[in-house]
Amino acid sequence: MVIGNGMVAKGFQAYENDNATLVFASGVSNSGNLDEAAFRREKDLLQEIIHAHPEKKLIYFSTCSVYDASLRASAYVLHKLAMEALIEQHHDQYLIFRVSNIAGKTTNPHTVLNYFYTHIRDGLHFYLWKNAARNIIGMDDIFKICHTIIRENLWLNDIINVANPVNYPVAEIVEALEKFLHKKANYTLIDKGDSPQINLSKIKYLLSGPDYAFDAFYLQKLFQQYYSVT
């Protein structure tokens with residue numbers, strides 16, 4: 001069973017007819033959101049789902065931004081932490097996946113890559129945080145990692161970080177997109193930002209397997225996969 005209709009929900013469509021697993025992928029998608037009503041809608045729906053399906057294994061997607069000093073006090077991160085606590089207190093079977101910045105097919109303008117991509121493509125000015133780094137991982141890799149953990153019944157009732165082993169300075173991401181688009185970005189550097197420190201020790205053995213290639217060409221492969229026909 002899958003709740004939601006966005007990028008993550010579509011990425012987990014394989015669970016649509018799974019009666020034992022409930023993938024909750026319907027929540028606030030903009031990490032810069034300050035709208036309390038949006039947070040309340042996600043909380044109300046999550047509580048409703050927990051009450052209606054106590055027998056199912058609940059899959060919830062939180063955020064690795066909790067490990068970024070410049071973001072951990074944001075309304076979005078505090079909301080995600082509150083939802084984690086709600087699940088831990090009120091559901092008997094769950095997996096909470098803290099995921100990093102996802103690259104995928106989505107019209108959401110607030111994802112890291114979509115924001116940079118559209119601003120560079122359209123020649124729009126933006127501010128670039130000089131000290132910031134972001135962890136980017138493809139939707140397909142998110143699914144493969146999470147699917148393995150769900151299928152093999154690993155770390156039940158636990159929080160698992162799911163991310164790329166590498167953080168990319170935002171200036172490096174922008175430079176790579178400039179090369180991909182053959183267009184110069186119009187930005188102003190400001191002295192802000194931090195880099196998330198994500199512990200991937202739980203899934204390290206998965207990431208080193210043949211199904212994953214987090215190499216020097218990973219960003220370029222994501223651009224080709226998700227932006228080449230845009």
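**Helices and residues, term by term**

Biologist: How do you know that the span of helix H3 (residues 75-90) agrees with its number of residues?

Modeller: At 1.5 Å a residue, the 16 residues of H3 should span 22 Å, and the end C-alpha atoms are 22 Å apart, which agrees. The expected span is 1.5 Å times one less than the number of residues. As for the names, helices (H or I, at least four residues) and strands (E, at least two) are DSSP runs, numbered from the N terminus.

Biologist: Where does the model come from, and how is it read?

Modeller: This is a predicted model, in which local features need pLDDT of at least 70 and side-chain atom pairs count only at pLDDT 80 or more, while totals for chains, interfaces and linings use all residues. Residues are numbered from 1 along each chain as its sequence is written, and side-chain values use heavy atoms, with hydrogens and water left out.

Biologist: What makes a residue of H3 buried, and which ones are?

Modeller: Buried means under 20% relative accessible area, exposed over 50%, and partly exposed in between (1.4 Å probe, protein chains only). In H3, the buried residues are Tyr-76, Val-77, His-79, Lys-80, Met-83, Glu-84, Leu-86 and Ile-87. They pack against helix H2 (36-52) and strands E3 (57-63), E4 (94-99) and E9 (158-162).

Biologist: Why are helices H4 and H6 called oblique to each other?

Modeller: H4 (residues 112-121) and H6 (residues 170-181) pack at an angle of about 50°, with their axes 10 Å apart. Axes are lines fitted to C-alpha atoms, for helices over the stretch in contact, and angles run from 0 to 180 degrees between N-to-C directions. Angles under 35 degrees count as roughly parallel, over 145 as roughly antiparallel, 65 to 115 as roughly perpendicular and the rest as oblique. H4 and H6 are therefore oblique.

Biologist: Which residues of H4 and H6 meet?

Modeller: Leu-113, Phe-116, Tyr-117, Ile-120 and Arg-121 in H4 meet Val-170, Ile-173, Val-174, Leu-177, Glu-178, Phe-180 and Leu-181 in H6. Contact means heavy atoms within 4.5 Å. By class, this contact of H4 with H6 has 10 nonpolar, no polar and two charged residues. Ala, Val, Leu, Ile, Met, Phe, Trp, Tyr, Cys and Pro count as nonpolar, Asp, Glu, Lys and Arg as charged, and the others, Gly among them, as polar.

Biologist: How are H6 and H8 placed relative to each other?

Modeller: H6 and H8 (residues 218-227) pack at an angle of about 55°, with their axes 10 Å apart. They are therefore oblique to each other too. Ile-173, Ala-176, Leu-177 and Phe-180 of H6 make the contact with Leu-219, Gln-220, Phe-223, Gln-224 and Tyr-227 of H8.

Biologist: Why does Asn-19 count as it does for accessibility?

Modeller: Asn-19 is at 64% relative accessibility and so counts as exposed. This residue lies in the loop between helix H1 (7-11) and strand E2 (21-24).

Biologist: And what makes Trp-129 partly exposed?

Modeller: The relative accessible area of Trp-129 is 25%, so this residue is partly exposed. Trp-129 is in strand E6 (residues 125-129). Trp-129 and Gly-193 are 64 residues apart in sequence and 5.4 Å apart in space, C-alpha to C-alpha.
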